[in-house]
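Please look at the model shown here.

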Amino acid sequence: MTVSNIEDLRQQARRKMPRMFFDYLDGGAFSERTLARNTEDFDQWTLEQRVLVDLSKRNLSSEILGCRYSMPVMLAPVGFAGSFWPDGEVEAARAATEAGIPMCLSTFSINSIEEVGAAMPHGLAMQLYVFKDRELASELIQRAWKVGVTTLFLTADTNVSSVRERDTRNGFRTSSSLKFGTLVDLLSHPAWCIRMGLHGRLMLGNVKGKAGVPRSLMAQAAYLSGNVDPSMSWADLEWLRGEWPGKLVVKGVLSVEDASRALDGGADGVCVSNHGGRQLDGARSSISVLPEIAQFIAGRAEVLLDSGIRRGSHIIKAIGLGADAVLLGRAYAYGLGASGRAGVSQAIELLRKETELTLALMGMCSIDELRANRDAVRRCYSESSGSNRLDVERLLDGIGHTPISSISD
Ligand SMILES: Cc1cc2nc3c(=O)[nH]c(=O)nc-3n(C[C@H](O)[C@H](O)[C@H](O)COP(=O)(O)O)c2cc1C
C-alpha cells in the first residue's frame with residue numbers, strides 16, 4: 001500500500017496492531033468530540049497564496065527551547081509506545097535524532113529513561129506525572145537530569161484520568177487481566193505477537209522493580225493510573241521548580257488564566273494541549289485557544305502546541321498563530337505501530353515535505369519568514385465576524401479604490 005499521508009499510516013497501524021493497543025492509541029475521551037475538533041478546527045483558518053517568489057533556497061530550521069532543530073516539531077510523550085513496537089521509545093528517539101528534531105519521553109514508557117537517553121544524546125525531554133509518592137517523582141527527575149535531559153514537561157491535565165470508552169471495552173488500564181476477546185484479538189495478530197515475543201517487553205521501564213509496583217503491564221497500567229496524585233496544584237509547580245534545574249514546560253494549558261499561573265510559577269513555557277482529546281471531552285480545540293494564549297504570553301516564554309496535527313498545513317497554521325513549535329502525538333505513533341522506526345521516520349518526512357511545500361506555495365522559504373508574516377494565516381471569512389471584509393476595505397482604501405461599504409448593492 002502506498003503511504004501518502006498520516007491517515008494512510010493510521011490505516012496500516014490499525015491492521016498491524018492488536019485492537020487493544022490500536023484503540024488505546026487512536027481513541028479519545030467519552031464521545032470523542034474534542035478529539036475530532038482538534039483536527040477539524042484547523043479548517044477555520046486559511047493560508048494566503050503568493051506567487052512568483054524565488055523559492056530556490058528553502059529550509060524549515062527553527063529554535064525550540066533554546067536549541068536549533070531541523071524544523072519546529074517535537075515528538076510528544078506517548079505512554080506505552082513500546083507496546084506498539086519492540087523498544088518503541090528507543091526506536092522513536094532514533095528516528096527523531098536522524099530527522100534532527102527533539103522528543104519528549106513519557107513517564108509511562110516501556111523503555112527506561114536511561115535506555116532512551118543512550119539512544120538520544122541531544123534533544124531528549126522528559127514528561128512527568130506526579131505520583132502520590134513524591135519520592136518516586138523526585139527520583140525520576142534526578143535520573144532524567146543524569147542522562148542529559150534539559151527540559152521537563154509537567155503534565156497538568158491528568159489529576160484525574162478521563163474515561164476512554166474504547167479502553168473500557170477492551171479492559172485496558174481498567175482491568176489487571178486480559179479479557180477473553182482481547183486474548184483472541186492478540187492471537188489474531190501473529191506478527192505482532194512474534195515480534196513482541198522475540199524482541200519486546202511489556203513492562204514500564206521507569207518503575208521496573210519498584211516496591212509495590214505489579215509485574216505485568218496490564219496491572220502496572222491500572223496501578224500507576226490510580227497513583228497519579230489528584231491533589232496536585234499550582235503550589236506543586238513551585239515545588240517542582242525548586243527541584244528541577246533545567247527548563248520547565250507546563251503541558252495541558254488551555255486558558256490565558258492557567259498560562260498566567262504557569263508563568264507566575266516559574267515555567268519557561270506552556271504547551272497548549274487538551275491531551276489529544278483524551279481528557280475533557282467538550283474542551284476547546286488547542287488551535288482555537290492558541291491565538292489568545294500566544295498573544296498573552298507575547299514572547300515572555302515558549303509557546304508549544306499539540307493535539308490534532310496530521311498535516312503540514314496544520315504545522316504552518318500553528319506557527320502562524322503564535323506557536324514556537326508543535327508536538328506530534330498520534331501522527332508519529334501510527335508510524336511506530338505500522339513499522340517501527342521506519343514508520344516514525346516516514347511520518348516525520350511526510351510532515352516535513354507537506355510543511356515545506358505549503359510554505360513555498362505561500363511564497364515563503366523559511367519558518368522565520370512565516371513568523372514575520374503571521375497575517376498569511378487568516379480566519380475564514382464569516383458573515384458574522386466580517387473580519388476579512390475589513391481587510392479588503394483597508395487594502396482597497398490604500399490603493400485609492402472606493403471602499404466596498406460605499407458601493408450600493
Ligand atoms: C497513546 C497516547 C498516549 C499518551 N501518553 C501520554 C503521556 O504518557 N503523557 C502525556 O503527557 N501525554 C500523553 N499523551 C498525550 C500526547 O502527549 C499529546 O498531548 C497528544 O497525543 C496530542 O494529540 P495528537 O495525538 O492529536 O497529536 C498521549 C497520547 C496518546 C495518543
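**Strands, a helix and the cores**

Strand E9 (residues 269-272) pairs with E10 in the parallel sense over four bridges; two strands pair if DSSP finds at least two bridges between them. Helices (H or I, at least four residues) and strands (E, at least two) are DSSP runs, numbered from the N terminus. The model is predicted, so to speak of local features pLDDT of at least 70 is needed, side-chain atom pairs count only at pLDDT 80 or more, and totals for chains, interfaces and linings use all residues. Residues are numbered from 1 along each chain as its sequence is written, and side-chain values use heavy atoms, with hydrogens and water left out.

In this pairing, valine 270 stands opposite valine 303 in E10. E9, H13 and E10 form a right-handed β-α-β unit. A crossover is called right-handed if, with the strands pointing away from the viewer, the path from the first strand over the helix to the second runs clockwise.

E10 also pairs with strand E11 (residues 325-328), in the parallel sense and over two bridges. Here leucine 305 is opposite valine 326 in E11. Between E10 and E11 the chain passes through helix H14 (residues 312-320), and this β-α-β crossover is right-handed.

Which way do the residues of E10 point? Glu302 and Leu304 point one way from the strand (residues 302-305), Val303 and Leu305 the other way, and all are buried. Buried means under 20% relative accessible area, exposed over 50%, and partly exposed in between (1.4 Å probe, protein chains only).

Helix H3 (residues 33-40) has Thr34, Leu35 and Asn38 as its buried residues. Seen down the axis of H3, they fall within an arc of 110 degrees, so they line one face of the helix; the arc is that of the directions from the helix axis to the C-beta atoms. These buried residues pack against helix H2 (19-26), helix H13 (286-297) and helix H15 (330-361).

The largest nonpolar core has 110 residues, of which Phe21, Leu75, Phe84, Met103, Leu290 and Leu305 touch the most other members. H15 gives the most to this core, with 12 residues. A nonpolar core is a set of buried Ala, Val, Leu, Ile, Met, Phe, Trp, Tyr and Cys residues joined through side-chain atoms within 4.5 Å. A second, separate core of 13 residues includes Cys104, Ala125, Phe153 and Ala325.

Threonine 358 lies in helix H15. With 16% relative accessibility, threonine 358 counts as buried. Apart from neighbours within four places in sequence, threonine 358 is in contact (heavy atoms within 4.5 Å) with Leu47, Ser313 and Ile316.
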